[in-house]
Amino acid sequence: MTQLTFARAINAGLRKSLESDSKVVLLGEDIGALGGVFRVTDGLQKDFGTHRVVDTPLAESAIVGTAVGLAYRGYRPVVEIQFDGFIYPAFDQIVSQVAKLHYRTRGAVKMPITIRVPFGGGIGSPEHHSESPEAYFTHTSGLRVVAVSNPQDAYTVIQQAISCDDPVLYFEPKRRYHDKGEVDESAALSSALPMDKARVLTEGTDATLVAYGPLVKTALDAATAAADEGISLEVIDLRSLAPVDYDAVVASVRKTGRLVVTHEAGQSGGLGAEVAASITERCFYHLEAAPVRVTGFDIPYPYSKLEMHHLPGLDRILDGVDRALGRPNSLSGLEG
Amino acid sequence: MSTDETGHGGAITPDNAGESTASGQELLQLITPEGERISHPEFDFWVKDITDEQLCSLFEDMTVIRRIDVEATALQRQGELALWPPLLGQEASQIGSGRAMRADDFVFSSYRENGVAYCRGVDLTDLLRVWRGNASGGWDPYSINMATPQIIIGAQTLHATGYAMGIQNDGADAVAVTYFGDGATSEGDVNEAMVFAASFQAPVVFFCTNNHWAISEPVRLQSHIHLAERATGFGIPSLRVDGNDVLAVMAGTRLALDRARRGGGPTFIEAVTYRMGPHTTADDPTRYRDANELEDWAAKDPISRLASLLDRKGLLTAELQEQVRRKADSVAAEMRRGCTTMPDPQPMDVFKHVYSAPNSWLERQQDHYARYLASFGDPAGAVSEEGAR
């Protein structure tokens, strides 16, 4: 076990993948000498060379599009999109090419591309640096989408994503980059929890609280606070956003009878809507209350002095838990 | 787009269509429209090995792909294909470049390069799968080293550039060749591909088929300079070749391939030709272009041009013509047979190959749909051949 920051854990996972498979190449802006704007790729170009850790010109569509060509040639490209809000120029290549080539070629061409995306807010940055675009990609068939919440998963899942033959969007919660955690670098990848499985972090009986990425820590804090009031929350770290591991969520909700799902992204058409609908379909007769979503608002990501109003925090999550439990809450007395 | 001051305004004619008066970049020609072989101090070298027999073979190839095109158009009119994008008029561009490549080169094309696919050895039935609606891609790209046709305009140029970067990493001397049209040169992807190709000196050939029309939009709407001149701004050497002259196309492509193999980086080729047919069988060019223009370009027809050269050389014998006609007819018949006997895909095939490994979301939907179909007593619904893979 080693104490690593989140960013160093991803770095260690990337290093391991570069070492174990000569077909792994990294592409992105400023990922070489600088080590990326968040230093996630720090030292990798120095150790693996400019042909495997490639500083690219500033063109996101080309970064993803050339990764497609490299994948055609048998490579496993790992692409860094510098910030969430910079991914849109690459949207066509991701949606029309990366996601569809396996289908288009009837399985002949694999697209083992990992697209790393630092995402989410809470770091006080200007526009385009704090977005949560995951639902665009969870809605796109052919992609797998994961969001990691802790250094151990960051280390393990990046390797699982790289070794996956399908394209993977790997969302990194940038406000957690400096959080430290224990990372077991010796554990075999084969014995790790599969990338598409959710993990129950705390067992509870009163309500199921589903979170992913940056809000997992907030959800755990909320569970601790709720426990002080005698409320037992079962916190699930979704980990995989496409596909969602519904078996895990269903099992939990059948036990607790209540569901709260939280994410930073806006509410309408977001992943929380998908989880709430699917759980309602599958657990209707086990639910004691309507599923509750605690999410960002349907607004452009706001300027930093107001971002904490937009981001679901511990208290808003607990307010949502109160709604699910029928306890007094901010919306008490409102219909629907 | 209105007229301008540089000679592009007004009705387009073969004399000014896509031809900038602002530039003097030479149009490489080795065979005149009348079929005269003219010598060129630099480019003769690149076709000096072409024998009379090979000239006849190029004539056969061009005739065959025109026949394929005619047959596919007929199949569409007869309701056997949903759509077809004709290549009529572009035979020299496709055969001249397609026959210049090696088997280990890799092609990333648009949807009109059916003649190039023929050069790569595509199965004729595979050529039609997409257009019959039986698949989203017709063939295994690795079986002929050619990606299946790209419909998003210009997107494939990035794939070619990335593939070429892979070739570089492998230390191989293959080349990625990407085909795209005049309209595509306005797309961001094509411009980004040129940036990346130049920065990494990737072994890629940008083969731009300037057929003068992007559906209804004339090339002058895309550019007021020769398309080839755009490349020089990226630091990529470029050529303008007469796209209706099979030898000029071959010479230019060979030069570009050779440069890439030797580590000289990318080359941009503008093949100046003309889309004599509609954009696709769903298009109606009479709404936007002058019949005289078509007539003028018909006089530059690439197949008649090569035929005239063969005639001058005494090679256009009745025997050759009969042999070529028979070959074209047999290819067309084989393609028609493949088209009409192609088995329809089965309902549950719709779920196949979305992912390479099982996906719980899709498996559930597949299972539910199979049950739904089975509820009608349809055996196809009850059978899942491969799972959600």
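I began with the term for strand pairing: two strands pair if DSSP finds at least two bridges between them. Helices (H or I, at least four residues) and strands (E, at least two) are taken as DSSP runs and numbered from the N terminus.

**Entry 1: the model.** I noted that this is a predicted model, in which local features need pLDDT of at least 70 and side-chain atom pairs count only at pLDDT 80 or more, while totals for chains, interfaces and linings use all residues. Residues are numbered from 1 along each chain as its sequence is written, and chains are lettered from A and ligands numbered from 1 in the order in which they are written. The model scores ipTM 0.96 and pTM 0.94.

**Entry 2: the sheet of chain B.** I looked up the strand order and found an open sheet of six strands in chain B, E1-E7-E8-E4-E3-E2, with parallel pairing. Strands E1 (27-28) and E2 (106-108) of chain B are at the edges with a single partner strand each, so one side of each has no neighbour in the sheet. I then followed E4 (residues 204-210) of chain B, which runs parallel to E8 (residues 267-272) of chain B and is joined to E8 by six bridges. Within this pair, Phe206(B) stands opposite Phe268(B).

**Entry 3: two helices of chain B.** I examined H1 (residues 52-77) and H2 (residues 91-98) of chain B, which pack at about 130 degrees with axes 10 Å apart. Axes are lines fitted to C-alpha atoms, for helices over the stretch in contact, and angles run from 0 to 180 degrees between N-to-C directions. In H1(B), the residues that meet H2(B) include Leu58(B) and Ile65(B); among their counterparts in H2(B) are Ala92(B) and Ile95(B). Contact here requires C-beta atoms, placed from the backbone, within 7 Å.

**Entry 4: chain A against chain B.** I recorded that 33 residues of chain A are in contact with 34 residues of chain B. Helices H3 (60-72), H4 (91-98) and H5 (101-104) of chain A each supply at least two residues of the side that touches chain B. H3(A) gives the most, with nine residues.

**Entry 5: confidence in chain B.** I checked pLDDT, the predictor's confidence in each residue, from 0 to 100. Chain B has a mean of 92, and 91% of its residues reach 70 or more. Residues 1-23 of chain B stay under 50, and residues 381-389 of chain B are below 50. Where pLDDT is low, the predicted coordinates should not be read in detail.

Key: Contact = placed C-beta atoms within 7 Å.
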